[in-house]
Amino acid sequence: MDRTKSLSLAPLAALLVMGFASGTALALPRDPYLQRVGPDTATVAFRLASNCSSAQVRYGVGNTSTLARSTDSARVHAVVLTGLTPATTYTYSVDACGETTPAKTFGTAPVTGTRRVHFAAVGDFGTGGSDQKKVAAAMLTHKPELFVALGDNAYASGTETEFQTNLFTPMAALLAQVPMFATPGNHEYVTNEAQPYLDNLYLPTNNAEGSERYYSFDWGHVHFVSIDSNCAIGLASASKCSLAAQKAFVEKDLAATTQPWKVVFFHHPSWSSGEHGSQLTMRRQFGPLFEKYGVDLVLTGHDHDYERSKPMLGDAEAGKSERGVPYLVVGGGGATLRAFATSRPSWSVLRDDAAHGFLDVDVVEGTLTAKLVKTDGGVLDSFSLTKELPAPPAPPQGTLNVTVGNASGPAPHTAAFVATASQTGATVAWDFGDGATAQGLQVEHVYTQPGTYTVTTTAQGATPVSATTVVTVTASGTTDPGTGEDPGTGSDPGTDPGTSNPRPGLPSTPATPGITPGDDSEGGGGGCSAGPAALIPAAALLVAGLVRRRRRSR
């Protein structure tokens, strides 16, 4: 046998197998992006190239052994993950029609009231250009817990196509790891009063209308309020949103919150010396509410520059003995910067029209520290706000709370445990139910064999306290408990994601923990083409056929 001829087939075989195997990284027209992340829940949204009725999200702490299936069967999917542990880093990936995306990570919100929060904010970025990409990359380097988007998220008209090309594509890496809480800009309102904005994002719906145009949420000890300034200044029809309804919501919401820090964000600035200038309707309609309920910081965009005001009260600077509100314009997210046409007014502390960048904010206990970070890593501006916070309430004595991440899955299965003991200085011991033990407030354990394990946690202090939880481990390759059978495929044509209302319905409370209750309005799925698992055997057959032909030709 001529070895040179037989070996010449090896590179071909390798190329064929490697080419098909590379398909295991799922190519999505839109990568997964995070929405509505809270202490115990997160929404993973994504889009597929064709209809698929077997899409799912795999996730866990340090692994992806927990499964949440999407019951959307077209191209647009949004999967709600529930039962998550607060302030915990999760790994996740998307499976669809036999292919899998590369694993990404995200962090859940801390327990409400936790006195340490790190967030980023910027507006006027949705161009798809190089400056936007640099801002997004710089933001990801600083690893904020959440991203507050200040409007003009998709230039020039906020169309479905522009959301894809000018938001989700250039900021894919950031949005896959950091949840975005947005407010609409005037450019989003160009197309059907911001309908594509609403179609593409999954935002809180806690106002009286159940609308996502304006809302509020807590992250740790910071209360955030998003206002739709387009609606407030008359760009929305009354049936969509009204100034009166928003004011009523904002007053009721700010009066009710118990969080010590309050941050409000919207697009049109109340105070600005940039090209567009101050929006007096926003200042005079909402400023008195901010002052009345002790808002600490107001973040806006619209003008393509950076500017920070002094603490303002009414239409003037606050006196030395008065409490005012600082207003910021953070409009250097990527759009072309615009020069200031006038000299800096007396109420303006600092302004800049030469650098793209974002606001990086740490809120620790009673101190808020913010800095404008430029794309070259430099800091353009920094400031701090301080306030006296009441002492945190002492937990009741003699209590022990235990949370578990990944309470079920196939062997080998990694479960993560967190204990919160009320007794100061208590040591925590773990018995994992399979003969293994550990100590510490946060531990992980790998179960190598199937079974149902009772985990006993003991806090040793002045008064020993114990608690138990259960971990269920199935045989490798079997269905995880609670996830059900693999779904079949349908034949409905589905909905083209380019239509005016492409996204599926997203219930706020899933019927089954970890599994998104579906909305079949998008139609059944015809399924994707065969994945790489089916293609690799075909490659092997092709190589074998070539070998036989080469042998016969000798």
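This is a predicted model: local features need pLDDT of at least 70, side-chain atom pairs count only at pLDDT 80 or more; totals for chains, interfaces and linings use all residues.
In strand S29, His445 is the bridge partner of Ala415. Strand S26, spanning residues 413-421, pairs with S29 in the antiparallel sense, and the pairing covers 6 bridges. Another 6 bridges join S24 to S26, and these two strands also run antiparallel. Here Leu400 stands opposite Ala421 in S26.

Taken together, these strands form an open sheet of 3 strands in the order S24-S26-S29, with antiparallel pairing. Strand S24 (400-405) and strand S29 (442-447) are the edge strands, each pairing on one side only. On average, neighbouring strands of this sheet are turned by 25° against each other, direction ignored. As a general point for reading such a sheet, side chains in a regular strand alternate between its two faces.

Leu400 counts as buried because its relative accessibility is 10%, below the 20% cut-off. Leaving out residues up to four places away in sequence, Leu400 touches Ala419, Thr420 and Ala421, and also Thr457, Thr458, Ala459, Val465, Ser466 and Ala467. For Ala419, the separation from Leu400 is 19 residues in sequence and 6.9 Å in space, C-alpha to C-alpha.

Turning to the whole chain, the secondary structure of the protein comes to 10 helices and 31 strands. Of the 554 residues in the protein, 51% are buried. The protein exposes about 23,000 Å², and carbon and sulfur atoms supply 54% of that area. Among contacts between residues at least 6 apart in sequence, 71% join residues at least 24 apart.

Among the helices, H4 (residues 160-168) is largely enclosed by the rest of the structure, because 7 of its 9 residues are buried. The buried residues of H4 are Glu160, Glu162, Phe163, Gln164, Asn166, Leu167 and Phe168. Their cover includes strand S1 (30-35) and strand S2 (41-47), together with helix H3 (130-141), helix H5 (172-175), S11 and H6.

The axes of helix H8 (residues 243-256) and helix H9 (residues 280-292) come within 10 Å and cross at roughly 5°. H8 and H9 are therefore roughly parallel to each other, as angles under 35 degrees count as such. On the H8 side, Leu243, Gln246, Lys247, Val250, Glu251 and Leu254 take part, and they meet Gln285, Phe286, Leu289, Phe290 and Lys292 in H9. By class, this contact of H8 with H9 has 6 nonpolar, 2 polar and 3 charged residues.

How values were computed
Residues are numbered from 1 along each chain as its sequence is written. Side-chain values use heavy atoms; hydrogens and water are left out. Helices (H or I, at least four residues) and strands (E, at least two) are DSSP runs, numbered from the N terminus. Buried means under 20% relative accessible area, exposed over 50%, partly exposed in between (1.4 Å probe, protein chains only). Contact means heavy atoms within 4.5 Å. Accessible areas come from the Shrake-Rupley method with a 1.4 Å probe; for residues, only the protein chains shown count as cover. Two strands pair if DSSP finds at least two bridges between them. Axes are lines fitted to C-alpha atoms, for helices over the stretch in contact, and angles run from 0 to 180 degrees between N-to-C directions. Angles under 35 degrees count as roughly parallel, over 145 as roughly antiparallel, 65 to 115 as roughly perpendicular and the rest as oblique. Ala, Val, Leu, Ile, Met, Phe, Trp, Tyr, Cys and Pro count as nonpolar, Asp, Glu, Lys and Arg as charged, and the others, Gly among them, as polar.
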